[in-house]
Amino acid sequence: MRERERERERKREGVQESRLSLIKAIITRDTRNLSEIKSPTFRKALRAIYFLINFFRYARYFKPSFICLTHINIQITTRCTLNCKDCNSLMPYYSKFSRHWDVNVDELLKNINNLLNGLDAIMAVSVLGGEVFLFSEPELCRLLEGLKSYGKIVKIHLLTNGTLIPSKSIVSHLRDPKIEVRISDYGKLSSKKDELVSFLSENKISHFVVPYCTDGWIEFGNLTKRGRSRDELQRLSSKCISFMRCNPIVGNRFYSCSLASNMTDLGLKPDERDDFIELVDKPKIMRANIKKFLSMDCIPSCDFCDFALGKKTKAAVQREPY
Ligand SMILES: C[S@@+](CC[C@H](N)C(=O)[O-])C[C@H]1O[C@@H](n2cnc3c(N)ncnc32)[C@H](O)[C@@H]1O
Ligand code: SF4
């Protein structure tokens, strides 16, 4: 029993970022671009001023009822340039069932706004697909501007598979201390990775290459009901690197796992009320919903996959189109 309590505690720690690391991230965020200032004295003075401004701006994060989420995902398209067999966003299934969609940016921003009204900060928002650079570029820029304008969002990550180069017009929207482009390195499949890295470096856009070709992925197995007991589901979810780590928004629903949201969206499993919380236009209800979300120790969808078992597999193995 104690072991389970400890596991739950660890899970909560993973979901809710500690205040100190949050404040450190915010304070250093605005000071990073000072490296371009030549005079060391001037740079030091500006750094100290920024530090103080940020410190007082974010002092409210010490309030006792403070809620901060580590990470949320926003999926903007189901279209992709690759067709990965083990894609944990189930993109190949969208082709199989001809169910592709692109998100409506106004609706998405409204739902994010509702979520933010119920909490104090989100450490990182990942914008992903499918492949983000297949999404309408003007709409992507509009979304990025919307996300940047929220003071409660600390970092924005844009995830790409390194197969496409965006146009020059996106540069001013990506060059921002809040934004980092994350390029998944799938070896030869990420055919434009080097070109993309040069493009981002030349345009002084923060970026990072994730070495999936060496690190590998996790297998989720077939998507059928296993019939595990609730105890077993709780035990497994406490080890799962997807549950409470990716937290996708789909429509006005906030899920704790992208396999759960996409399995439901595709109709591969029953739509269950306990898999998600609703994003509503009422801050008090929203805050109560988020507290409920943070207390989830497993969801019905955990019974439909083996991600928690952590079995490693090669990343981005391609499958035949359905
Ligand atoms: C679904 S992808 C979408 C973004 C982009 N298309 C890409 O591949 O980077 C989001 C992230 O999940 C990772 N991912 C996908 N399937 C995975 C799996 N089975 N195990 C671990 N990570 C996975 C990808 O490498 C990527 O970093
Ligand atoms: S590149 Fe692969 S992992 Fe990324 S969304 Fe496309 S199919 Fe999924």
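**A guided walk through the fold and its two ligand shells**

Among contacts in the chain that link residues at least 6 apart in sequence, 80% join residues at least 24 apart. This is a predicted model.

Visitor: How many helices and strands are in the chain, and what share of its residues is buried?
Guide: Happy to start there! The chain has 12 helices and 10 strands. Of its 322 residues, the buried share comes to 33%.

Visitor: Which elements do the buried residues of helix 5 pack against?
Guide: Let's look at the helix itself. Helix 5 has 13 residues and reaches 18 Å from its first C-alpha to its last, close to the 18 Å expected. Its buried residues are Leu108, Asn111, Ile112, Asn114 and Leu115; seen down the axis of helix 5, they fall within an arc of 155°, so they line one face. The elements they pack against are strand 1 (68-75), helix 6, strand 7, strand 8 (253-255) and helix 12 (283-294).

Visitor: Is Met286 buried or exposed?
Guide: Met286 lies in helix 12, and its contacts, leaving aside neighbours within four places in sequence, are Asn114, Leu115, Asn117, Gly118 and Val280. Because 21 C-beta neighbours lie inside 10 Å and the cut-off is 20 or more, Met286 counts as buried.

Visitor: Which residues come nearest to ligand 1?
Guide: The shell around ligand 1 divides into eight nonpolar, six polar and two charged residues. Strand 3 (153-160) and strand 6 (217-218) are the elements that give two or more residues to this shell. Of the 16 residues around ligand 1, those that come nearest are Asn88, Ser89, Leu159, Ser184 and Trp217.

Visitor: How many charged residues are in the shell around ligand 2?
Guide: The residues around ligand 2 include Cys80, Cys84, Cys87, Gly129, Gly130 and Glu131. By kind, the shell has six nonpolar and five polar residues, and the number of charged residues is one.

Visitor: What is omega for the peptide bond from Gly129 to Gly130?
Guide: Gly129 and Gly130 are both among the residues around ligand 2. Gly130 sits in the loop between strand 2 and helix 6 (137-148). The peptide bond from Gly129 to Gly130 is cis, and its omega is near 20°.

Visitor: Ser98 and Met244 each have a positive phi; which of them counts as buried?
Guide: Phi is near 45° for Ser98, which sits in the loop between helix 4 (91-96) and helix 5 (105-117). Phi is near 65° for Met244, found in the loop between helix 10 (230-237) and strand 7 (248-250). Ser98 has 7 C-beta neighbours inside 10 Å and so counts as exposed. With 25 C-beta neighbours inside 10 Å, the residue that counts as buried is Met244.

Conventions: Residues numbered from 1 in each chain as written. Chains lettered and ligands numbered in written order. Predicted model: local features only at pLDDT ≥ 70, side-chain atom pairs only at ≥ 80, totals over all residues. Near = placed C-beta within 6 Å. Helix = DSSP H or I, 4+ residues; strand = E, 2+ residues; numbered from the N terminus. Nonpolar A, V, L, I, M, F, W, Y, C, P; charged D, E, K, R; others polar. Buried ≥ 20, exposed ≤ 12 C-beta atoms within 10 Å, placed from the backbone. Expected span 1.5 Å × (residues − 1). Arc of directions from axis to C-beta. Contact = placed C-beta atoms within 7 Å.
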